[in-house]
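Subject: Structure for you to look at, with notes

Dear colleague,

I am passing on the structure we talked about, and I would be glad if you could look through it alongside the notes that follow. Please open it first and then read on.

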Amino acid sequence: MMEKIENLPEEEKEMVLHLPNSYFEKGLEEGKQEGKREGIAEGRKEGIQKRNQEVALKMIARGMPINEIAEITELSKEEIKNLADK
């Protein structure tokens, strides 16, 4: 945000900097909250993907068919084949 303010013409920069701090702080806080929500969602998605891969590896080790592993873990057959090749 500060980068955008710094790139403004001096006249506009002065106007923005003289806005009540509550507006700026509110926008900053909303931005932080949105970033946290997105980060948490992405982290959960990555965690689920990693766990599905771990489960798939165990299933591969037990000799389960790729079709069944794909159905249970919701990984693609290609992903499972790649895991099996490692």
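Read along the sequence, the chain runs α-α-α-α-α, which comes to five helices and zero strands, where helices (H or I, at least four residues) and strands (E, at least two) are DSSP runs numbered from the N terminus.

Before going further, please keep in mind that this is a predicted model, in which local features need pLDDT of at least 70 and side-chain atom pairs count only at pLDDT 80 or more, while totals for chains, interfaces and linings use all residues. Residues are numbered from 1 along each chain as its sequence is written, and side-chain values use heavy atoms, with hydrogens and water left out.

As to confidence, the mean pLDDT (the predictor's confidence in each residue, from 0 to 100) of the protein chain is 86, and 84% of its residues reach 70 or more. Among the elements, helix α4 (residues 66–73) has the highest mean, at 96, whereas helix α1 (residues 2–6) has the lowest, at 63. Where pLDDT is low, the predicted coordinates should not be read in detail.

For the chain as a whole, the accessible surface (Shrake-Rupley method, 1.4 Å probe; for residues, only the protein chains shown count as cover) comes to about 7300 Å², of which 53% belongs to carbon and sulfur atoms. Of the 86 residues, 12% count as buried, where buried means under 20% relative accessible area, exposed over 50%, and partly exposed in between (1.4 Å probe, protein chains only). Among contacts (heavy atoms within 4.5 Å) between residues at least 6 apart in sequence, 18% join residues at least 24 apart.

Helix α4 is the part I would ask you to look at with some care. In this helix Ile69, Ala70 and Thr73 are buried. Seen down the axis of α4, its buried residues fall within an arc of 100 degrees (taken from the directions from the helix axis to the C-beta atoms), so they line one face of the helix. On the other side of α4, Glu71 and Ile72 are exposed.

Thr73, which has its place in α4, is buried with a relative accessible area of 3%. Its side chain reaches the backbone oxygen of Ile69 at 2.7 Å, a polar contact (a pair of N or O atoms within 3.5 Å; within protein, one must be able to donate a hydrogen and the other to accept it, and residues adjacent in sequence count only if both atoms are side-chain atoms). Leaving aside neighbours within four places in sequence, Thr73 is in contact with Asn52, Val55, Ala56, Met59 and Ile80.

Just after α4, Glu74 takes a positive phi of about 65 degrees, although Glu74 is not a glycine. Most residues other than glycine have a negative phi. Glu74 lies in the loop between α4 and α5 (77–85), and at 71% relative accessibility Glu74 counts as exposed.

Turning to charged side chains, the count comes to two salt bridges, a salt bridge being a side-chain nitrogen of Lys or Arg within 4 Å of a carboxyl oxygen of Asp or Glu. In one of them Glu34 pairs with Arg37, the closest N and O atoms being 2.8 Å apart; both residues lie in helix α3 (residues 21–61), three residues apart, about one turn of the helix. Glu34 is partly exposed, with a relative accessible area of 34%, and Arg37 is partly exposed as well, at 49%. In the other, the side chains of Glu54 and Arg51 meet at 3.3 Å, N to O, and these two residues also lie in α3, three residues apart. Glu54 is partly exposed, with a relative accessible area of 33%, and Arg51 counts as partly exposed at 44%.

With best wishes
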